[in-house]
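Here is a brisk report on one chain. Look over the sequence and the fold before reading on.

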Amino acid sequence: MTLGLATLVCLFSSVWLTECAPPTCYSRALGLGKEVMTLLDKIHTYHRTKTCSEILPTIFIDVHNSCITTKLRDFLYVVLNHPNPYCRERPRMVLLKRKIQSLYHIITRICWRDLVFFTDDCEGIDTGHSRPYYAEDRLQLLQEER
């Protein structure tokens, strides 16, 4: 009786701890974008990679912005062709390169038709401040109010 109860408890606890659904393209792109932003923050603050980050362009990853593909491609070019060989070999910079390559690959190939872009504000990726997006019906309501 106790063995059956213990087995049942283990079974339910293992089912409870696992996720029920596999990650989707969208959730993987969001998660990887957050990981890249966290890693960039560490690179900018860590004393061994602070000098390496001086050449990196500013980027705020928003997978809902259609400009993300070109900005990621440009950012990846800078990381791959960093002028300082010391920086190219730093573990955090190598990890950044891999994560950005993965995110770029996911957005451009794997989730090519699954992602929905809500804006095309390229300046928002550079500054982190995005203009509000008004759909056509909302824009029509704004014009009628005037």
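Predicted model: local features only at pLDDT ≥ 70, side-chain atom pairs only at ≥ 80, totals over all residues.

Residues are numbered from 1 along each chain as its sequence is written, and side-chain values use heavy atoms, with hydrogens and water left out.

**The chain**

The chain has 8 helices and 0 strands. Helices (H or I, at least four residues) and strands (E, at least two) are DSSP runs, numbered from the N terminus. Of the 146 residues, 27% count as buried. Buried means under 20% relative accessible area, exposed over 50%, and partly exposed in between (1.4 Å probe, protein chains only). Contact means heavy atoms within 4.5 Å. Among contacts between residues at least 6 apart in sequence, 67% join residues at least 24 apart.

The table gives the spans from first C-alpha to last. The expected span is 1.5 Å times one less than the number of residues.

| Helix | Residues | Span | Expected span |
|---|---|---|---|
| α2 | 21 residues | 30 Å | 30 Å |
| α6 | 20 residues | 27 Å | 28 Å |

In α2, the buried residues are Cys25, Ala29, Leu32, Gly33, Val36, Leu39, Leu40 and Ile43. They fall within an arc of 130° seen down the helix axis, so they line one face of α2. The arc is that of the directions from the helix axis to the C-beta atoms. An α-helix has 3.6 residues a turn, so residues three or four places apart point the same way. Lys34 and Thr45 are exposed on the other side of α2. The cover over the buried residues of α2 includes α3, α4 and α6.

In α6, Met93, Val94, Leu96, Lys99, Ile100, Leu103, Ile106 and Ile107 are buried. These residues pack against α2 (25-45), α3 (50-53), α4 (68-80) and α5 (85-89).

Leu32 shows how α2 is placed. This residue of α2 counts as buried because its relative accessibility is 1%. Leu32 touches Lys99, Ser102, Leu103 and Ile106, not counting residues up to four places away in sequence. Leu32 and Ile100 are 68 residues apart in sequence, yet 8.4 Å apart in space, C-alpha to C-alpha.

**The core**

A nonpolar core is a set of buried Ala, Val, Leu, Ile, Met, Phe, Trp, Tyr and Cys residues joined through side-chain atoms within 4.5 Å. Which residues touch the most other members of the largest one? Of its 28 residues, they are Ile61, Leu72, Phe75 and Leu96. The elements that give two or more residues to this core are α2, α4 and α6. α2 gives the most, with 7 residues. Ile61 is in contact with Gly33, Val36, Met37, Ile68, Leu72 and Leu103, leaving aside neighbours within four places in sequence.

**Two arginines**

Arg90 lies in the loop between α5 and α6. Arg90 counts as buried because its relative accessibility is 18%. Beyond residues up to four places away in sequence, Arg90 touches Arg48, Thr49 and Cys52. Arg90 and Arg48 are 42 residues apart in sequence and 8.6 Å apart in space, C-alpha to C-alpha.

The charged end of Arg92 sits over the ring of Tyr46, 4.2 Å from the ring centre. For this, CZ of Arg or NZ of Lys must be within 6 Å of the ring centre and within 35 degrees of the ring normal.
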